[in-house]
Amino acid sequence: MADQPLTLSVDSFWISPYAFSCYVALKEKGLPFQVREVSLPDKEHHRPEYQKQSMTGRIPMLQHGDFTLSESSAIVEYLDDAFPGTARALPASARDRARARQIMAWVRSDLMPIREERSTTTMFYERATKPLSPAAQDAARRLMAFSQAAVPEGRSSLFGVAWTAADTDLAFMLQRLNLSGFELPPVARRFVEAQWQRPSVQEWVNHKRLPYRPY
Ligand SMILES: N[C@@H](CCC(=O)N[C@@H](CS)C(=O)NCC(=O)O)C(=O)O
């Protein structure tokens with residue numbers, strides 16, 4: 001099974017935080033894979049074949065041989081299960097793994113004002129200039145408090161290993177603010193700088209992008 005080809009479907013502008021998470025996990029694991037770009041403005045994800053394979057019609061989707069899977073956190077966990085012996089995306093200990101899942105679920109389900117006002121187009125196309133609304137400021141305060149509690153003092157990763165998928169996801173959320181000039185506390189800043197410099201992340205960040213078309 002492990003030698004079957006892997007393909008990750010990503011959005012054609014390379015701005016999906018969920019596709020980013022899966023891409024970085026595949027890279028960190030050193031797994032060879034192909035990328036398939038799916039144009040959301042052209043509704044390529046509505047095509048019957050994509051709908052059928054993904055079951056959700058969303059980006060990202062992983063294809064592994066004849067198996068297809070959507071939902072980014074399910075994809076990341078599948079990679080750990082299907083490729084034992086590669087760098088773990090989720091930590092080995094039950095409690096650290098639970099904490100990692102907590103972080104991954106939280107950044108996907110909360111902090112909506114940050115996700116709206118510092119959308120991923122502001123990270124990869126045009127920086128946001130509008131000040132954060134009171135709701136986004138409140139979300140930012142919660143994110144800073146969370147980071148302060150989650151990132152151990154003096155360290156640049158969450159769990160005593162240099163990388164997990166939760167590190168990538170938390171860094172991405174912090175970077176939404178950081179790139180638009182929000183001043184991060186020192187612990188969060190050190191964490192983000194270290195995670196963002198990882199070659200896996202930089203490959204995504206520096207990928208050549210098409211001109212953006214709103215959709
Ligand atoms: N919970 C999903 C979210 C995926 C998602 O919302 N993807 C967006 C792109 S960032 C998408 O496919 N949007 C197209 C649509 O919903 O029509 C995951 O974690 O993979």
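Analyst: A residue is near a molecule if one of its heavy atoms lies within 4 Å of it. This is a predicted model, where local features need pLDDT of at least 70 and side-chain atom pairs count only at pLDDT 80 or more, while totals for chains, interfaces and linings use all residues. Numbering runs from 1 along each chain as its sequence is written, and side-chain values use heavy atoms, leaving out hydrogens and water.

User: Which residues are around the ligand?

Analyst: Ser 16, Tyr 18, His 45, Arg 58, Ile 59, Pro 60, Glu 71, Ser 72 and Arg 108.

User: Which polar side-chain atoms lie by an oxygen atom of the ligand?

Analyst: Look for polar contacts, pairs of N or O atoms within 3.5 Å. Ser 72 has a polar side-chain atom 2.6 Å from a ligand oxygen, Arg 58 has one at 2.8 Å, and His 45 has one at 3.0 Å.

User: And how do I read empty space?

Analyst: Rolling a probe the size of a water molecule over the atoms shows where empty space is left. On a 1 Å grid over the protein atoms alone, a cavity is a set of points where a 1.4 Å probe fits but cannot get out; lining residues have an atom within 4 Å of a point.

User: What lines the largest cavity?

Analyst: Its lining includes Pro 17, Tyr 18, Phe 20, Arg 108, Asp 169 and Met 173. Elements giving two or more residues to that lining are α1 (17-28), α4 (94-109) and α8 (165-178).

Note on methods: A polar contact is a pair of N or O atoms within 3.5 Å; within protein, one must be able to donate a hydrogen and the other to accept it, and residues adjacent in sequence count only if both atoms are side-chain atoms. On a 1 Å grid over the protein atoms alone, a cavity is a set of points where a 1.4 Å probe fits but cannot get out, and a pocket is an open set with protein on both sides within 12 Å along at least five of seven lines; lining residues have an atom within 4 Å of a point. Helices (H or I, at least four residues) and strands (E, at least two) are DSSP runs, numbered from the N terminus.
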